[in-house]
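Welcome! Open your viewer and get ready to select a few residues as we go along.

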Amino acid sequence: MIFLIVGCEIGFWVLLMTGLAARYLLHARRLGNVLLVGVPMVDLVLLAASVVDLRRGAPASPAHGLAAIYIGVSLAFGHQMIRWADRRFAHRFAGGPAPVKAPRTGRAHAARERGQWLRHLLAYIVGAAVLGVFTVLVGDVHRTLKLWAVMVPWGLVLAIDFVISFSYTIAPRRR
């Protein structure tokens with residue numbers, strides 16, 4: 001299962017980079033769009049493979065929980081990552097405008113940090129929902145308890161991220 005997760009992560013970046021290369025280097029906009037549409041399909045492959053694995057009786061493991069995390073993070077941050085890469089590719093290879101850098105100080109920085117934390121919270125909620133779907137599909141709560149173990153450290157990371165992100169609201173970075 002770990003190899004599938006790593007393969008999906010590699011697939012995400014390969015599809016993203018080849019899609020952008022097709023779009024901006026080969027000027028094959030349609031091909032680039034087809035490849036970029038394939039990026040979220042990686043999540044569906046991982047989701048389907050995890051469900052099939054669990055339904056066939058594989059013992060639930062933290063790897064299945066990691067798959068849920070991957071899907072949550074991909075859904076919450078994927079579009080943002082694709083847009084980030086697209087802007088840089090367009091600037092570098094197609095004469096597009098220079099990407100605007102994220103604010104580093106002041107209220108704008110604090111607002112961005114809060115927004116990023118909300119994305120993180122969304123990823124956590126989606127991950128928990130995916131684990132819930134896994135649990136329902138397996139039909140045995142006791143067999144899926146190991147899946148849920150990933151939520152504790154992730155919850156701790158989310159809490160730390162909250163403290164850091166919202167600290168900029170209380171004490172914004174100065175120029």
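This is a predicted model: local features need pLDDT of at least 70, side-chain atom pairs count only at pLDDT 80 or more; totals for chains, interfaces and linings use all residues.

Now show H2 by itself, residues 29-55. Its 27 residues reach 40 Å from the first C-alpha to the last, close to the 39 Å expected at 1.5 Å a residue. Center the view on Pro-40, where H2 has a kink of about 35°. Then move just past the end of H2 to Gly-57, which takes a positive phi of about 100°.

Next, select His-64, which sits in helix H3. Is His-64 buried or exposed? With a relative accessible area of 1%, His-64 is buried. Its side chain makes a polar contact of 2.7 Å with the side chain of Asp-53. Leaving aside residues up to four places away in sequence, His-64 also touches others, including Met-1, Ser-50, Leu-54, Pro-59 and Phe-134.

Last stop: the largest nonpolar core, which has 32 residues. Select Leu-16, Leu-20, Leu-46, Tyr-70 and Leu-131, the residues that touch the most other members. H1, H2, H3, H4 and helix H6 (151-170) each give two or more residues to this core, and H3 gives the most, with 10. Finish by zooming in on Leu-16: not counting residues up to four places away in sequence, Leu-16 touches Leu-36, Val-39, Ile-82 and Ala-85.

Key: Residues are numbered from 1 along each chain as its sequence is written. Side-chain values use heavy atoms; hydrogens and water are left out. Helices (H or I, at least four residues) and strands (E, at least two) are DSSP runs, numbered from the N terminus. The expected span of a helix is 1.5 Å times one less than its number of residues. The bend at a residue is the angle between axes fitted to the seven residues ending there and the seven starting there. Buried means under 20% relative accessible area, exposed over 50%, partly exposed in between (1.4 Å probe, protein chains only). A polar contact is a pair of N or O atoms within 3.5 Å; within protein, one must be able to donate a hydrogen and the other to accept it, and residues adjacent in sequence count only if both atoms are side-chain atoms. Contact means heavy atoms within 4.5 Å. A nonpolar core is a set of buried Ala, Val, Leu, Ile, Met, Phe, Trp, Tyr and Cys residues joined through side-chain atoms within 4.5 Å.
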